[in-house]
Amino acid sequence: MPDQTLVEVAGLSKRFGDVEVLKHVDLAVRAGEKLAVIGPSGSGKTTLLRCIAHLEKPSAGHVTIAGERVGSKLADGRVVEMSDREIARIRTGIGMVFQRFNLFPHLTALENILLGPLKVLRMPREQAEPIALGLLAKVGLAHKRDAYPERLSGGQQQRVAIARSLAMQPKLMLFDEATSALDPELVGEVLNVIRQLAREGMTMLIVTHEMQFAEDVADRIIVMDHGSIVDEGPPHELFRSPSHPRTQAFLRAVLERQAMATSSAA
Ligand code: ADP
Ligand code: MG
């Protein structure tokens, strides 16, 4: 039986100065698993994703992706730092979509998607272009191939950003509040693209405040608070009968915020 764990986080701690924002986090994500990460602002969700992608260097512990340690490796029985180049190579296997789209403003939708395959994967253009066009079609934007980001809505930009990540053929996708900068009417189109990816079997870690979406798409949810995973379980159990007091408090706060948003919109 092959090892089905794609991402392993072991004893991961991260401090910024005196503040420990991740405290000895252990987590394993199976290949094909969709894991939603919820929890209050400041609980360490973004830092966890950034450590997994090695955009932050852990203060202790380590992250293993597809059996390969990110950031350090064993050589002659000793742990040595990886070069920036080796880290960059591993990072190409991880797609990241953040709150802000970060498309290059001077490049069209198609050129934004082509950049990684051409420059990083060194694919010939005649090979990369059909793939990029296919991805644009997949996110419903084939007709926007020549549009510059400023001519695209926030939802469209975020869909191009997802296509751009997919062009690198990632093993793993990390979504960090991918819809929280969007106008409410544009959220659905982006969530639908993520849902589609989920159905296709992509392994994903999804930080989100969209509880209904988390419930629909996730196989498992983890709840973070003060730098630790305080609760976890299948969405149905976690939402319907949260046993942990901190999960209860967080869900109550989310529901209150939603109720307030609904009443102020009315
Ligand atoms: P979340 O995504 O759950 O809102 P973050 O991972 O962004 O939480 O942040 C966790 C804590 O770490 C917060 O208190 C935040 O202020 C702090 N933090 C995050 N990044 C940095 C940084 N680069 N320098 C100092 N503190 C940071
Ligand atoms: Mg965050």
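Residues are called buried when their relative accessible area is under 20%, exposed when over 50% and partly exposed in between (1.4 Å probe, protein chains only). The model is predicted, so that local features need pLDDT of at least 70 and side-chain atom pairs count only at pLDDT 80 or more, while totals for chains, interfaces and linings use all residues. Residues are numbered from 1 along each chain as its sequence is written, and side-chain values use heavy atoms, with hydrogens and water left out.

Of the 266 residues of the chain, 49% are buried. The radius of gyration, taken over C-alpha atoms, is compared with a globule rule of 2.2 Å times the number of residues to the power 0.38. For 266 residues a compact globule would have a value near 18 Å, and the 19 Å of the chain agrees with this. The C-alpha trace spans about 65 × 55 × 40 Å along its principal axes. With contact meaning heavy atoms within 4.5 Å, 64% of the contacts between residues at least 6 apart in sequence join residues at least 24 apart.

The chain contains 9 helices and 12 strands, assigned as DSSP runs numbered from the N terminus (helices H or I, at least four residues; strands E, at least two). Strands pair if DSSP finds at least two bridges between them. Strand β1 (residues 5–16) runs antiparallel to β4 (residues 60–65), joined by 5 bridges; here Glu8 stands opposite Thr64 in β4. Strand β4 is also antiparallel to β5 (residues 68–70), through 3 bridges, and Val63 has Val70 in β5 as its bridge partner. A hairpin is formed by β4 and β5, with 2 residues between them. Ala66 in this turn has a positive phi of about 50 degrees.

Methods: Chains are lettered from A and ligands numbered from 1 in the order in which they are written.
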